[in-house]
Amino acid sequence: MKLAFIGAGNMAQAMMGGIIRNGLMAPGEMIATAATQKTIDKVSEEYGVAVTLDNCEAAKADIVVLAVKPIYYEQVIHEIRDVMEERQLIVTIAAGKSVEWVENTFGGTRKIIRTMPNTPALVGEGITAVCPNANITDEELQQVCELLEGFGKAEVISERIMDAVIAVSGSSPAYVFMFIEAMADAAVAEGMPRAQAYQFAAQSVLGSARMVLETGKHPGELKDMVCSPAGTTIEAVKVLEEKGFRGSVMECMHACAEKSRNM
């Protein structure tokens, strides 16, 4: 089996790195393309995969991941569609590009799996939404999910909630990074060295997330466990509520999903 990445940016590198680290495929079974020689040289040196500037050459692989930015999807699909066969699996990772749109752009019967990974894949902690079209067999879906689980978790979803997925996981690392940065800035204002502030803030977010995942308890219940009567935490929570913390998060996610719907 041969796996191709058309586009070799951060997400593609996170995916191939996780797949290789977990022994799901060997570097020699992969090929990647990029727009510049500098990028493919870097990818070749770091991951040991075959590289090329020719998208059509890579598009002959058994599984082809379209890892370019959404604005380049139409251009790349028109470039490669005549060299691809119906038996090949096409994996997309672009916001705003529905299964139907990809099918129509290829202009024929294709095996398509729409996915939405996120940047924590870079450290093996990603989560990827997976949406196959009707031409994908159960075996093919399982095969792709196993590859996606090489850099985190994978969940099969209905395409109708893909815009919600983009808001809650695809784009949300940016919100979390802003939260960590804000907490660290406040800690610095209170006298903590900046490097230490980032470590304390980031570890607290990491640990809190693991508590949600591993205890199975409602986030509200876990929050209440920290809020002692007349204590420091409930005072902080009160300010967050006064400033519209929850409402701001919900509004930003709605804006993100709306943007995805209209791309």
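Below are my entries, from the whole chain down to single residues.

**Entry 1: the whole chain**

I began by noting that this is a predicted model. I then asked how many helices and strands the protein chain has. I found 12 helices and eight strands. For the overall extent, I boxed the C-alpha atoms along the principal axes and got roughly 70 × 40 × 30 Å.

Next I looked at burial and surface. The chain has 263 residues, and 39% of them count as buried.

**Entry 2: the nonpolar cores**

Which residues touch the most other members of the largest nonpolar core? I noted Phe5, Ile6, Met16 and Leu66, out of 53 residues in that core. Helix α1 (residues 10–21) contributes the largest share of this core, six residues.

I stayed with Ile6 for a moment and left aside its neighbours within four places in sequence. Its contacts include a run of Val64, Val65, Leu66, Ala67 and Val68. Ile6 also meets Ala58 and Ala59, as well as Val76 and Ile80. Thr33 and Asn55 complete the list of Ile6 contacts.

There is a second, separate core as well, and I counted 12 residues in it. Among them are Ala129, Cys131, Cys256 and Ala257.

**Entry 3: two buried residues**

I picked Val49 and asked where it lies. I found Val49 in the loop between α2 (37–47) and β3 (50–52). Is Val49 buried or exposed? Its relative accessible area is 4%, so I wrote it down as buried, the cut-off being under 20%. Beyond four places in sequence, Val49 is in contact with Met16, Ile20, Pro27, Met30, Ala32, Val43 and Ser44.

Glu86 is 37 residues away from it in sequence, and the two C-alpha atoms are 25 Å apart in space.

Ser169 was my other pick, and I placed it in helix α7 (residues 162–170). Its relative accessibility is 10%, which makes Ser169 buried too, because anything under 20% counts as such. Not counting residues up to four places away in sequence, Ser169 touches Asn118 and Ile127.

**Entry 4: salt bridges**

Side chains of opposite charge can pair when their charged atoms come close. How many salt bridges does the structure hold? I got 11.

I looked at the bridge between Asp62 and Arg87, where the closest N and O atoms are 3.2 Å apart. This pair links distant parts of the chain, its partners being 25 residues apart. Asp62 sits in the loop between α3 (55–58) and β4 (63–66), while Arg87 sits in the loop between α4 (73–80) and β5 (89–92). Asp62 is partly exposed at 28%, and Arg87 is partly exposed at 44%.

Next came Asp185 with Arg194, at 2.8 Å between the closest N and O atoms. Both partners are partly exposed, Asp185 at 35% and Arg194 at 37%.

Then I turned to Asp224 and Lys223, whose closest N and O atoms are 2.9 Å apart. Asp224 is partly exposed at 46%, and Lys223 is partly exposed at 32%. I also noted that salt bridges with shared partners join Asp62, Glu85 and Arg87 into one network.

**Entry 5: helix α9**

Helix α9 (residues 194–215) has 22 residues. From first C-alpha to last, α9 reaches 31 Å, close to the 32 Å expected at 1.5 Å a residue. Just after α9, I found Gly216 with a positive phi of about 75°.

**Entry 6: a surface patch**

Which residues make the nonpolar surface patch of about 300 Å²? I listed Phe179, Leu240, Phe245 and Val249. Leu240 lies in helix α11 (residues 232–242), and it is partly exposed, with a relative accessible area of 38%. I closed the notebook there.

How values were computed
Residues numbered from 1 in each chain as written. Predicted model: local features only at pLDDT ≥ 70, side-chain atom pairs only at ≥ 80, totals over all residues. Heavy atoms only, no water. Salt bridge = Lys/Arg side-chain N within 4 Å of Asp/Glu carboxyl O. Helix = DSSP H or I, 4+ residues; strand = E, 2+ residues; numbered from the N terminus. Buried < 20%, exposed > 50% of the residue type's maximum accessible area, 1.4 Å probe, protein only. Core = buried A, V, L, I, M, F, W, Y, C linked by side-chain atoms within 4.5 Å. Contact = heavy atoms within 4.5 Å. Expected span 1.5 Å × (residues − 1). Patch = residues over 30% accessible without salt bridge, like charges linked within 9 Å, V, L, I, M, F, W, Y side chains within 5 Å. Areas by Shrake-Rupley, 256 points an atom, 1.4 Å probe, with all protein chains shown as cover.
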